[in-house]
Amino acid sequence: MAHTSSPTPFTVPAATTLSGRIRVPGDKSISHRSLMLSALAVGESRVEGLLEGEDVLATAAAMRAMGAAIERGSDGVWRIHGVGVGGLLQPRQGLEMGNSGTSTRLLMGLVASHPITATFTGDASLSSRPMARVTVPLAQMGASIEASPGTRLPLTVRGACPAVPIEYELPVASAQVKSAILLAGLNTPGITRVIEPVPTRDHSERMLAGFGAQITVERGPRGRIISLTGEAELKPQSIVVPGDPSSAAFWMVAASIVPGSDVVIENVGLNPTRAGLLTALRMMGADITEVDPRIVGGEPVADLHVRHAALTGIVVPHDLAPSMIDEYPALFVAAAFAAGETVARGAEELRVKESDRIAAMRAALEANGVRTQEHEDGLTVHGSGGERIAGGATVFTKLDHRIAMSMTVAGLHARNAIAIDDIAPVATSYPAFYEQLASLSGAAA
Ligand code: S3P
């Protein structure tokens with residue numbers, strides 16, 4: 001995969017304004033799930049708008065290795081012939097996950113309740129990420145797991161068949177852990193139950209219901225209770241993947257901070273479990289309107305019209321954290337151009353993403369003239385009040401696509417050019433990012 005080969009450095013050209021319309025790629029979370037569930041349905045599913053980034057392609061390769069037929073038509077529609085729940089085949093080789101935590105953790109769940117064994121490997125970033133949050137519940141379901149020290153990759157999951165249904169209260173707010181357990185529950189007799197004290201993205205629940213699984217969600221004293229009846233029969237679906245709000249985030253911030261900007265971002269998924277950045281930016285005074293709200297693939301979607309605005313620092317409400325967990329790097333950049341300070345805490349999960357995003361963003365912003373204070377669970381950022389930041393330094397992205405894209409956005413309004421050490425990881429989630437940047441800033445791609 002590109003990001004494991006030689007680094008691709010990039011120097012960010014300052015932008016005068018950003019203007020035009022762009023369409024962000026398909027939602028990464030929904031793309032992974034659409035491939036996995038289609039691969040477990042009997043018959044042909046169709047997926048339109050799939051994100052064709054390295055992370056999702058790693059999921060496609062793994063599902064093929066376990067027996068699904070997955071093809072991309074010349075019309076851009078993906079057609080998947082599933083093997084049925086219980087029908088996953090023994091992969092002949094290890095499953096290479098590249099940079100993708102979502103592929104790894106969700107697929108571990110699938111393997112855990114099938115009579116197969118799979119070894120997961122990944123790049124340096126993924127190999128440093130904690131997997132115990134998934135191995136603990138999957139072991140309770142009967143899977144046996146051998147992991148590298150610290151419960152990291154490379155890691156082998158030997159599935160249990162039959163697996164044992166569990167009731168599991170999530171100790172961390174993680175949609176990946178929730179989804180791994182639910183996916184394991186698909187081929188487990190009885191009812192698998194996940195209790196979620198803090199709600200996280202609910203794409204798995206929505207899509208499982210869409211594929212015909214028996215799944216209920218209730219509110220209880222300890223939080224959301226998700227119950228899935230196992231030995232499910234999934235029916236093939238036709239899925240339209242909405243645009244990824246986590247990719248739209250970069251343009252929401254870019255158009256807000258570069259004076260004179262006026263941008264329409266088309267087809268942005270606005271599932272409330274994902275829309276926290278929109279709320280936070282509006283609290284800061286951003287000028288973002290939702291145009292033509294509609295439902296796409298069972299998810300709320302709108303076009304976002306973003307115009308430059310004077311931003312003011314805020315205290316980011318802690319309860320927004322799960323619905324904007326991937327957007328903090330972009331939010332820190334917005335904060336760097338706001339008047340006054342922005343305090344973003346209650347987001348300790350940022351330490352275990354593709355990089356330690358608190359440390360990586362702190363270092364990147366400080367080097368480029370933005371004053372910050374690091375907390376164990378977040379960052380305080382002192383903004384420029386809309387002025388250009390100093391810039392002039394190199395950003396170390398640590399194999400993290402979102403650090404690369406966020407600091408590219410910061411570089412659009414800097415006095416001196418910001419250099420990014422390696423933009424290759426952007427291909428994991430947003431292969432067209434730099435072309436779209438060129439088109440919005442009126443430069444040739
Ligand atoms: C994801 C869940 C989140 C998010 C990740 C995608 C998913 O991770 O950060 O990019 O698709 O379920 P956690 O479950 O670790 O919070």
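K398 sits in the loop between β23 (394–395) and α11 (401–411); helices (H or I, at least four residues) and strands (E, at least two) are DSSP runs, numbered from the N terminus. The phi of K398 is near 55°, a positive value in a residue other than glycine. With 56% relative accessibility, K398 counts as exposed. Here buried means under 20% relative accessible area, exposed over 50%, and partly exposed in between, with a 1.4 Å probe and protein chains only.

This is a predicted model, in which local features need pLDDT of at least 70 and side-chain atom pairs count only at pLDDT 80 or more, while totals for chains, interfaces and linings use all residues. Residues are numbered from 1 along each chain as its sequence is written, and side-chain values use heavy atoms, with hydrogens and water left out.

N267 also has a positive phi, about 65°, although it is not a glycine. This residue belongs to strand β15 (residues 262–269), and at 8% relative accessibility N267 counts as buried. Two cis peptide bonds can be described next. One joins L153 and P154, with omega about -10°, and P154 lies in strand β9 (residues 152–158). Another joins C161 and P162, with omega about 5°; P162 is in the loop between β9 and β10 (167–169).

Two helices come next. Helix α2 (residues 54–65) has twelve residues, which at 1.5 Å a residue should span 16 Å, and its end C-alpha atoms are 16 Å apart, which agrees. The expected span is 1.5 Å times one less than the number of residues. Buried residues of α2 are E54, D55, V56, A58, T59, A60, A62 and M63. Their cover includes α1, β4 (69–72), β6 (95–96) and α3. Just after α2, G67 takes a positive phi of about 110°.

Why is helix α9 (residues 328–336) largely enclosed by the rest of the structure? Nine of its nine residues are buried; among them are Y328, P329, L331 and F332. G340 is in the loop between α9 and β19 (341–344), and at 43% relative accessibility G340 counts as partly exposed. Leaving out residues up to four places away in sequence, G340 touches V381, H382 and G383, where contact means heavy atoms within 4.5 Å.

At the level of the whole chain, the domain assignment gives domain 1 (10–26 + 242–441) and domain 2 (28–232); such bounds come from an automatic or database domain assignment. The centres of domain 1 and domain 2, taken over C-alpha atoms, are separated by 29 Å. Across the boundary, 25 residues of domain 1 are in contact with 25 residues of domain 2.

On a 1 Å grid over the protein atoms alone, a cavity is a set of points where a 1.4 Å probe fits but cannot get out, and a pocket is an open set with protein on both sides within 12 Å along at least five of seven lines; lining residues have an atom within 4 Å of a point. Grid points are joined across faces, edges and corners, and a volume is the space filled by probe spheres set on the points.

The largest pocket holds about 540 Å³ of space. It is lined by 35 residues, and A173, R201, I325, D326 and K353 are the closest to its centre. Domain 1 and domain 2 both give residues to this lining, so the largest pocket lies between them. By class, the lining has eight nonpolar, eleven polar and 16 charged residues; Ala, Val, Leu, Ile, Met, Phe, Trp, Tyr, Cys and Pro count as nonpolar, Asp, Glu, Lys and Arg as charged, and the others, Gly among them, as polar.

The second largest pocket has a volume of about 340 Å³. Of its 23 lining residues, V24, P25, G26, G49 and L50 are the closest to the centre.

The whole structure has two cavities of 30 Å³ or more. The largest cavity has a volume of about 60 Å³, and P245, M252, R274, L277 and L278 lie nearest its centre among 13 lining residues. Helix α7 (245–257) and helix α8 (276–283) each give two or more residues to that lining.
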